[in-house]
Amino acid sequence: MSSAVRFLTAFSQALSNLSLYGEAHPAARRSVETATDRLGELQETHPQPQFTFLPGEVLFGSDPLHELGAWEWGQRLADAGVQRLEFAGPVPADEMERFLDHLAARFGWRSTETCEVWQMGLSNIRWGQLRVRPDGRQLTSESLPLATLSFALREERDAVGWLHREVGAGADLPLAEAEAVVRSLSLAMHADQAIVLPLLELKEFDQYTTTHSMNVAVLAMALAEYLELGPAAVRSIGLAGLLHDLGKIRIPHEILVKPGKLTSAERRVVMRHPVEGARIILGRDDDLDLAAAVAYEHHLMIDGGGYPKLHFPRAAEYASRLVHVCDVYDALRTNRPYRDAWESRPTLDYIRARAAMEFDPMIAQAFVRMMDDWDGRVVVNAA
């Protein structure tokens, strides 16, 4: 048995044990350590191993692993959006465990809390999806572009970054500037009398919160219009989308970018950002109840899961359920240092599959229909 096969065997055993026992069980922990050790052994001869999972075939680099031709985990990983898996350097056991936890969320064995925490960190583990080049000869992990045109939204992005810094320094929320950004995004959406999506690409890792907030605002306004809500409601939902992650300014930077598995205490800090965001927004004298509710509720799931835990279980506000779908879509569609962005179709399949569990089914179905309607149309991506 080759070292590559030994690693993948140990890797799949660790996933199986997580599904059976949960991450705290001794058997699960031992299997994570074994998978980490097997990867280390493989990297002694192949410092940056790369695996590709295709129907009925597993490739190590460009070579097929014939022993794993019918390996069920290859198809399961591909279905979960992990068609390409690369290790760019050494991976400690806590980072391996964190990645496996993320896959458990992908497979539906965990809530998406773990998934969201993983998105914030750097890692030597990278993964993505594949597509065939137009010539049909070569596989690549490049993502299909979301857009063909550009909008100059740099000033708006700078304004949101300034807003975060002001609030982080203890100043009041600059509401006028936030509303001005939402107006600019709305104007960009309606350019040339056609609704387009001026979504921003992540240029630098530290821009994540700024870029993500603006994208969620755009998606939320587009979905609100698609659902035929009135102009005032659309603007309010856009502002709520822009501010939904405001509480993350209270999370220490070293926790947001930590590459290893978060401790229980660190995870509790991350999971407080909805509470902190609502508190910041309610600190204004203005009537921002909707934005505060969305900040507080955007990680609540339709089946009662998610966070923060409610003393008295209840349904989240309609706007919170709408922003939740847009939040997850943009998170998965955004490039990360450790993985390519998901392409639109697998992301929409994920949202469809999680309807009635994580997402409001009516809102999730409307979002998928909206994006399907736009397939093949020009979707504008900001520079």
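**Helix 9 and helix 13**

I began with a helix pair: helix 9 and helix 13 cross in the right-handed sense (a crossing is right-handed if the near helix is turned clockwise from the far one by less than a right angle, and left-handed if anticlockwise). Before going on, I note that this is a predicted model, where local features need pLDDT of at least 70 and side-chain atom pairs count only at pLDDT 80 or more, while totals for chains, interfaces and linings use all residues. Residues are numbered from 1 along each chain as its sequence is written, and side-chain values use heavy atoms, with hydrogens and water left out.

For my own record, axes are lines fitted to C-alpha atoms, for helices over the stretch in contact, and angles run from 0 to 180 degrees between N-to-C directions.

Which residues of helix 9 and helix 13 meet? I found Ser236, Ile237, Ala240 and Leu243 on helix 9, against Leu290, Ala291, Val294 and Ala295 on helix 13 (contact means heavy atoms within 4.5 Å). Sorted by class, this contact has seven nonpolar residues, one polar and no charged. The classes put Ala, Val, Leu, Ile, Met, Phe, Trp, Tyr, Cys and Pro under nonpolar, Asp, Glu, Lys and Arg under charged, and the others, Gly among them, under polar.

**Helix 15 and helix 16**

Next I looked up helix 15 (residues 344-353) and helix 16 (residues 361-374), whose axes come within 9 Å and cross at roughly 160°. That angle makes helix 15 roughly antiparallel to helix 16, and the crossing is left-handed. Helix 15 brings Arg345, Leu348, Ile351 and Arg352 to the contact, and helix 16 brings Ala364, Phe367, Val368, Met371 and Asp372. I get six nonpolar, no polar and three charged residues for this contact.

Five of them form an open sheet in the order 3-2-1-4-5, with antiparallel pairing (two strands pair if DSSP finds at least two bridges between them). Strand 3 (63-64) and strand 5 (125-128) are the edge strands, each pairing on one side only.

- Strand 1 (residues 50-54) and strand 2 (residues 57-60) pair over four bridges, and Phe53 stands opposite Val58 of strand 2.
- Strand 1 and strand 4 are joined by three bridges, with Leu85 as the bridge partner of Phe51.
- Strand 4 and strand 5 pair over four bridges, and Phe87 has Ile125 as its bridge partner.

**Gln83 and the whole chain**

Where does Gln83 lie? I traced Gln83 to the loop between helix 3 (72-79) and strand 4. Gln83 is partly exposed, because its relative accessible area is 21% (buried means under 20%, exposed over 50%, partly exposed in between, with a 1.4 Å probe and protein chains only). Its C-alpha atom is separated by 6.1 Å from that of Gly128, 45 residues apart along the chain.

Last, the totals. I count 16 helices and nine strands (DSSP runs numbered from the N terminus: H or I of at least four residues for helices, E of at least two for strands). Of the 383 residues, 54% count as buried. Among contacts with a separation of 6 or more, 71% come from residues 24 or more positions apart.

Notes:
Angles under 35 degrees count as roughly parallel, over 145 as roughly antiparallel, 65 to 115 as roughly perpendicular and the rest as oblique.
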